[in-house]
Amino acid sequence: MSNNTRRSSFSNPDSHLDPDPSIFSSSFRFGYLFLLPEDVLRTLMVDWIPLPSIARLDSAICNEKLRQVLLGLLSSNQVRLDCGASMFFVNDRCISWMIRRGIQLQGNLRLSIGISHASLVSIVQRCSNLQLLNLDCCINVTDAGLAAISQECSNLQVLELKDCDVTDVGLASLSQGVCSNLQRLDLDCCSQVTDAGMISLAGCSNLKSLNLHGCNITDTGLVSLTQGCSNLQQLDLGSCYNVMGVGLTSLVQGCPNLQELYLDGSYNVTAKELTSIAEGCSNLRELDIVECRDVTDGWVMDLREKGLLLSCNISY
């Protein structure tokens with residue numbers, strides 16, 4: 001698995017911002033759209049038409065009857081966004097429209113890179129049933145934003161915060177709010193996250209996937225984390241230069257279900273620690289140890305001869 005695949009769920013930040021305008025370019029097309037059966041129209045809006053396009057459609061309709069059909073569908077059923085085709089980018093303008101029309105969301109949501117703090121607070125207050133919230137590279141998301149999320153989104157299961165300006169303070173807020181249901185957390189390149197943040201995350205006992213790539217943690221933080229997160233199946237410690245023997249030993253003891261471990265760029269990790277992991281984590285299926293010390297073809301062959309990690313894909 002490539003680094004880009006595992007660390008980024010969205011490859012093109014602008015791909016959903018401006019769908020083909022010809023889709024809704026004339027009232028003639030609108031008329032035929034609303035001749036569709038209501039269940040078909042609802043499916044189109046919920047699963048295929050991005051919400052920004054629905055907002056533009058609302059603004060463009062000339063026929064009041066058609067507008068009432070559209071708004072009736074939106075108000076009678078919360079717009080649910082839980083399939084790949086509905087993963088889109090919502091910006092400040094779209095959020096303003098949602099508030100005006102009283103629309104709530106449940107399911108999955110990705111916000112635009114330039115989303116403001118005020119818009120983030122507004123949307124989490126109105127969409128408390130969100131299950132996935134992707135804020136990757138949202139430069140205005142800070143600890144204050146995490147505090148709002150923790151207060152409002154009790155059903156949140158997946159939170160992606162790559163390259164956000166969050167610190168241990170924000171993680172402490174999460175541990176006091178949404179933590180009980182959180183299953184996946186992405187903190188890739190959040191360099192202000194330290195061992196104190198790991199102490200907070202130790203309370204998230206349902207975490208199955210955690211990306212700490214580039215975070216400023218040490219063995220101390222990793223030990224604290226593994227004491228509370230025994231259900232971890234995927235852990236990314238890439239470029240965590242201060243994670244070494246004691247921390248990795250705690251993984252063996254505290255995370256028996258670990259299936260994927262990424263240590264690429266963690267050059268202080270040696271073959272000795274990796275051998276302990278191979279011996280103790282029998283469920284491993286993916287192990288990335290590029291740039292770890294003393295890792296050679298001979299070391300990998302020796303593992304195989306011992307019957308260790310036979311079903312594991314090892315990148316080195």
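Here are a few notes on this predicted model, going from its core to some individual residues.

1. Start with the core. The largest nonpolar core runs to 79 residues, and L135, L159 and L237 are the ones with the most contacts inside it.

2. L135 deserves a click. If you ignore its neighbours within four places in sequence, L135 touches L111, L120, V141, I149, L159, E160, L161, K162 and C164. One of these partners, L159, is itself among the residues with the most contacts inside the core.

3. Next, the helix pair α11 (residues 219-228) and α12 (residues 245-254). Their axes sit 8 Å apart and the packing angle is about 10 degrees. Because that angle falls under 35 degrees, α11 counts as roughly parallel to α12.

4. Which residues make up the contact between α11 and α12? From α11 come D219, L222, V223 and T226, and they meet G245, V246, G247, L248, S250, L251 and G254 of α12. Sorted by class, this contact has five nonpolar, five polar and one charged residues.

5. Stay with α12 for a moment. Its buried residues are G245, G247, L248, S250, L251 and G254. The elements covering them include α11, β8, β9 (260-262) and α13 (271-280).

6. Moving on to α13, the buried residues there are A271, E273, L274, T275, I277 and A278. They pack against α12, β9 and α14 (297-305). Note that E273 is on that buried list.

7. D236 is another acidic residue to look at. It is in strand β8 (residues 234-236), and with a relative accessibility of 4% D236 counts as buried. What does its side chain reach? The D236 side chain comes to 2.9 Å from the backbone nitrogen of G238.

8. Two backbone spots for your checklist. D294 is not a glycine, yet its phi is positive at about 65 degrees. D294 belongs to the loop between β10 (286-288) and α14. Its relative accessibility is 53%, so D294 counts as exposed.

9. The other spot is L309, also a residue other than glycine with a positive phi, here near 55 degrees. L309 lies in the loop between α14 and β11 (313-315). Is L309 buried or exposed? At 8% relative accessibility, L309 counts as buried, whereas D294 counts as exposed.

How values were computed. Residues numbered from 1 in each chain as written. Predicted model: local features only at pLDDT ≥ 70, side-chain atom pairs only at ≥ 80, totals over all residues. Heavy atoms only, no water. Core = buried A, V, L, I, M, F, W, Y, C linked by side-chain atoms within 4.5 Å. Buried < 20%, exposed > 50% of the residue type's maximum accessible area, 1.4 Å probe, protein only. Contact = heavy atoms within 4.5 Å. Axes fitted to C-alpha atoms, helices over the stretch in contact; angles between N-to-C directions. Helix = DSSP H or I, 4+ residues; strand = E, 2+ residues; numbered from the N terminus. Parallel < 35°, antiparallel > 145°, perpendicular 65-115°, else oblique. Nonpolar A, V, L, I, M, F, W, Y, C, P; charged D, E, K, R; others polar. Polar contact = N/O pair within 3.5 Å; in protein donor to acceptor, adjacent residues only side chain to side chain.
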